[in-house]
Structure formats: structure tokens, C-alpha cells
There are 2 protein chains.
Amino acid sequence: MKTITEKDLKVFCVSALVQNGMNEQDAAITADVLAGTDALGCFSHGTKNLRMYIEKIKVGALDPKAQPEVVKEGPAFALMDAHDAMGMVASVKGMAKAMDLAKKSGVGFVTMKNSCHFGAAGYYANMAAEQGMVGIAMSNTDPNMAVPGGKSMVVGNSPIAYAAPAKGHDPVMLDIAMSATAALKINQAKIDKKPIPDTWLVDTDGVPTSDPGFYGTGGALQPMGAHKGYGLSILVDILSGLLSGGATSKDIPSWCFELEEKNKASHAFLAFDIGAIQTKDEYENAMDAYIDNIKQSPKAKGSGGIYMPGEIEFSKKKKADKTGIPLTDDVVQSLEQLANSSGLKLNWK
Amino acid sequence: MKTITEKDLKVFCVSALVQNGMNEQDAAITADVLAGTDALGCFSHGTKNLRMYIEKIKVGALDPKAQPEVVKEGPAFALMDAHDAMGMVASVKGMAKAMDLAKKSGVGFVTMKNSCHFGAAGYYANMAAEQGMVGIAMSNTDPNMAVPGGKSMVVGNSPIAYAAPAKGHDPVMLDIAMSATAALKINQAKIDKKPIPDTWLVDTDGVPTSDPGFYGTGGALQPMGAHKGYGLSILVDILSGLLSGGATSKDIPSWCFELEEKNKASHAFLAFDIGAIQTKDEYENAMDAYIDNIKQSPKAKGSGGIYMPGEIEFSKKKKADKTGIPLTDDVVQSLEQLANSSGLKLNWK
């Protein structure tokens, strides 16, 4: 573990990206997303992956100069083509466009094709919450889940995030994948040689297994709630890939394991302008009361507390703002590798 | 089990509703939703409940003459007040409004307050699919789920449905509640005195239990995927209750167990006009290929087949169109009770 301020982490990210052909503005956007994700404690989706994104630029599978383009537009929607841009750049501009549309029409929707792995969906949803809107962000992914009755990896565990502001509380923010659990947890169990719940993975026959060894060797993730996560994964493909005319899960390579391929991920962004639809004060007061009702409800036996979606992440962020981001060893290792190869310096605390 | 044609079932529903003060048009809407839901084989949410809705009219907790009203409107949204109308009437008009907005702006959103139990969310989503749109429908419910770390019933297992059309296939249609399973299944296990998976219910201490006896006696449903279903349940409250200024789960009585209370459920409807956003042909071809890819993927050992969301329901509907709807005993009993008390006749096949 090493600690760094969010500001210094961003400076490093910007330098590394500019060194690889990205302009300052887009590099700053990417740095904001990645370091901001680390600040929330979501280390699997933050700056750890910068090195891989830069590798992807180097092999020509990600265009650091590409600008997402609005291909078609109506009063409440835009169809965008990311032209193989950095997923964070494409997604920040996608959500910004959805918010612009929402300012004019109350609701804004962007469906986007030809993007790349966008990291943590919650960042984009939260952009809306910070501007007094409800935001929803989603992306399809390469196939990694089995479908009910099927075996092998057929649909993606496509993430969906939303965020909604409150007044006396942090925004409510949920960022979830459609699989029963993160592949990361199964990988860890595999390393630790520990059994997993039989609702996480299927084996090569498509049968639920408690052996994490089937991950990456012909098994597949199980959707959360069986047909529920399966169906919601398809919804993400519809709103992102099928409405944009972009790729859907079956045509999306793994952004990291097939690094030399263009990722072609499709995204979708929705923004609801609270002040247009509802009286802002009335909404905020009702939201605060709603949160209080949940927070003050009776605790379970042995409970560690009741948390709103996003509450733990925002409290980590507040701590990181004061004392720096405590990056885990895998993140530190990845960043130092990038620093060594690029000649750039990391300003550890 | 008794069989009836969908047409004859609707005739009965319309007569019963008109007898209780509803106009012909609204009675026909309600009958379409309820009998259409039975035709899909979703008997828990169809005409079985008509008797209870009529009881609710009789005690003054549901207004058969109420007309949902647009309170506020923008290019892509409408805030509607259902004025305690029949949930089916309010919801069909709500989704129709969302589709009108989508025709003008590409995307339409309706948030609705003061409605009542709307039955099966899938019906409204499918209205959009039938008109070449992607539809999403949701409703909040009375609290029936525990929250992670909590005990007792705090948030609702609010249903979310979506539907999207294809060309060579039926629409894809998913209709799910945010609980791990339906309360109905737990009730059945209680009757059968059989244990349930410990991911379905918590006991009075908020601890996962395999004893279905805790349902209705201080236990609470578990959300699907723990924090995932919890977070999505809150999203439904945000888009329906908090954006409309209506009631959220904590202020919603059970529509059937607290029959004499106004239900005050809030709904939300989203429509995406495929032809406005994307070339219709391109979408349809891609959707057909997408479905084929899933349907033709390798089957699991012992698999009963791979089905798209909604596929089983639509095949039941096609069979019912030919040979009538095979209503289960509980539905038959409820309908005959209503027939006896109202003097109306059921035209069984």
C-alpha cells in the first residue's frame, strides 16, 4: 500500500496520456475518472488500468485523438459514435450530452457505439447527480456469463449505475454488474484455493459449481438472480448496442485480454432533470426523508450498519480528500511499472 | 382448472367494472390488461385480482371514474397524477403518454403519482414494443424487503419490466421484482411445509432463514443479489415516487391486505422510439441476429432449453389464442365468487 493525493495521481495520469498522444483536455477527463474512481475505493476500475489503456493506444486499438461524434440527434436523444476513443473521454462527453438534452427536454438519452472499456459506470451517473439530475449509465461488455439453460460465456455482465442527489446526504449511487459476483472475487478464491457459493459460476457443462478453478477455463459467470440478471444484461445490449447500431456482447472482445483488438463497447446514458420535472426543494426534502427512513430502520442481529448505495464509497472519498488515496499493492505495482517505462515520476506521500 | 377465451374473459371483466361505476373505455383497458396477463400465463397478476380491485372501489379506496391528469409537461417528460384511478387505466394512459412524447422527442418519460397496484409491469412495456419502441415500466410497492444490514420490511420489491421488438422473433420482454423470489413461492413452501433457499427470506432478527414460516410473521423478503436488488428498488422509488412527488415505499399500504386504504403507488414509464434513434431495419436485423446467437448457444447438461425473456409467456399466449386460457383453480374460484356476488355470467368453454 502507498498513498498519493488525488491531485498528484491525476498529474501523473495526464502526463502519461499526453506522452501517448492525447490532448491535455481529454487527458484531464480520463485522469479525473480514473483517479476519482480510486478515491471512492474502487481500485479494480481506476488508475490500475491506465497502463493497459496506454498499451492499447500503442498497439493501435484505442485512438487517443478520437473525438466522439453526434451522428443523429433529436430533442431528447443523441446517437454518438466514439470512433474508438478512450472510454472515459467518450463516456464523460456522452453523459454531458445526455445532460444537455435533459436541460432542454427534461430527459436526455445518449446511445453510443465504438467506444472502449469505460471503467466505473458510477462516475458518469454521478456527473448527473452533481448537476441536480438523476443519472443512469451503462455499458455492454464482452460475453462472460452463461444464460439460463446454457453453458459457456454468451452474454456480458454489463454494468448499470445510477446516481441521484439529496440535500442533507451524499447522493445515492449504485454501480453494479449483472453477474452474481465480480470475476475478481472468483479469481481471488481461485488463488486462495477456497470454494465459492454455487450461485457464482457454472462449470464447462453449464452446471453450477463451487470450484473457482472453472473461471477462465471454460466456465462462465452466473447472472445475478438467474433470469433477472440475464434479462437485464440484454436490456443493456438493447439500449447501448442495438439502439446505437454498435456492437453487442457477442462482437465485443475483452478490452484487456484481447488488447490488440478494438473494444467496440457500446454505452448508454440517461439524465433526468429534477428541477424541470419536480420542484427541486420538494424532491430534496423527500429524498432526505427517504434516506433517513432507511438509515434509521431496525438493524439485523450482528449488523455492521445500514448503508445507502454509495455511502461507503463517498465516505472513503472524503477520507482520501484529507489524507490521500491509500492505493492497494496491485495498483501501486501497475502505476510504478508505467512510471518506469515512461520515465514519469509518481509523487507518493 | 377451467378454460375461457380471452374475449369472453374480457367481456366478464368489462361488465363487472361497468357495474361498479367505470366507463366502458376504461373498463375495456382494465380488462385488456388483466385478461392479457392471464393469457401470458401470469395468473397471480391477472383477473384473479379483479374481485379485490372491485372491493377496493366499493370501500372508496379506488376511484373507478378518476382520470389520470398531466400536471406538468416538457418535450420529453410528463408528470402525471392518477387521482387514485384503477392502476391499469392509469398505467396504460401513462405509457401511452410516454410513447407520444417519444414520437416527438425520441424518448419519453412519465412519472406518475397517486395510482394503485398496476398488475403486471410487462403489459405496459409491451405496449411500446408493439409500436416499434423499447418500453420500460416500473412501480414502487409497499415495503416487503429487508435492506442489507437491516431487519423487517423497509423497501418494496418494486417490479421493473422492459420490452423490445424484433422482426423474426417475439419481442424480448422481462418482468421482474427486485426480491430474490416472489412472495407467492415462499407462501407455497409455507403451505407445503418445505424449506426454502436461505437467500429468499430473513427472520425476525434479519438473519437469512430457510424457514418459510417467517413470511408474514415478522420476516422480510431478501433483495435479489443482496445490495443489487436493494439499490435497484431505490431507483424505482426515485424515478416513480420521488420525481413525481408521490408516495415512496414507506408510505404505501399493501393494495390488498390494507384494502380500505388508498394505495398511492407511484409508477414510471419510459419509451424509446427505435425508428427515430436508429434505422428500423438495421435495428430489427441486429435484434434478430442477437436473439439467434443466444438461442443457438450451447446448452447446459440437462438443460430444458434456452429461452429469451418473455419467450415462454408469448408461447402460452399463442396457445391460449387457439384453445382458450387455462385458468388455474385460484383464479377460477376468485372469478366465480365475483360472478356469484354480481349476478354476472362467466362463459366457460
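Helix 2 of chain B, residues 24-39, has 16 residues and should span 22 Å at 1.5 Å a residue; its end C-alpha atoms are 21 Å apart, which agrees. The model is a predicted one, and the distances here are computed from its atoms. Of the 16 residues of helix 2 of chain B, 12 are buried, so the helix is largely enclosed by the rest of the structure. Among the buried residues are Ile29(B), Val33(B) and Leu34(B), and also Asp26(B), Thr30(B) and Asp38(B). Just after helix 2 of chain B comes Gly41(B), with a positive phi of about 90°.

Gly324(A) follows helix 10 of chain A and has a positive phi, near 95°.

Next, the strands of chain A. Strand 4 of chain A, residues 107-115, is mostly covered, with nine of its nine residues buried. Strand 3 of chain A, residues 77-81, pairs with strand 4 of chain A in the parallel sense over five bridges. Within that pairing, Leu79(A) has Thr111(A) in strand 4 of chain A as its bridge partner. The chain passes from strand 3 of chain A through helix 4 of chain A, residues 87-105, to strand 4 of chain A, and this β-α-β crossover is right-handed. Strand 4 of chain A also pairs with strand 11 of chain A, residues 265-273, where the two run antiparallel and are joined by seven bridges. There Met112(A) has His267(A) in strand 11 of chain A as its bridge partner.

The contact between the chains takes 66 residues from chain A and 66 residues from chain B. Elements that give two or more residues to the side of chain A that touches chain B include strand 3, helix 4 and strand 4 of chain A. Helix 7 of chain A gives the most to this side, with nine residues. The residues on the side of chain A that touches chain B divide into 38 nonpolar, 19 polar and nine charged.

Definitions and conventions. Residues are numbered from 1 along each chain as its sequence is written. Chains are lettered from A and ligands numbered from 1 in the order in which they are written. This is a predicted model: local features need pLDDT of at least 70, side-chain atom pairs count only at pLDDT 80 or more; totals for chains, interfaces and linings use all residues. A residue is buried if 20 or more other C-beta atoms lie within 10 Å of its own, exposed if 12 or fewer, and partly exposed in between; C-beta atoms are placed from the backbone. Helices (H or I, at least four residues) and strands (E, at least two) are DSSP runs, numbered from the N terminus. Two strands pair if DSSP finds at least two bridges between them. A crossover is right-handed if, with the strands pointing away from the viewer, the path from the first strand over the helix to the second runs clockwise. Two residues are in contact if their C-beta atoms, placed from the backbone, lie within 7 Å. Ala, Val, Leu, Ile, Met, Phe, Trp, Tyr, Cys and Pro count as nonpolar, Asp, Glu, Lys and Arg as charged, and the others, Gly among them, as polar. The expected span of a helix is 1.5 Å times one less than its number of residues.
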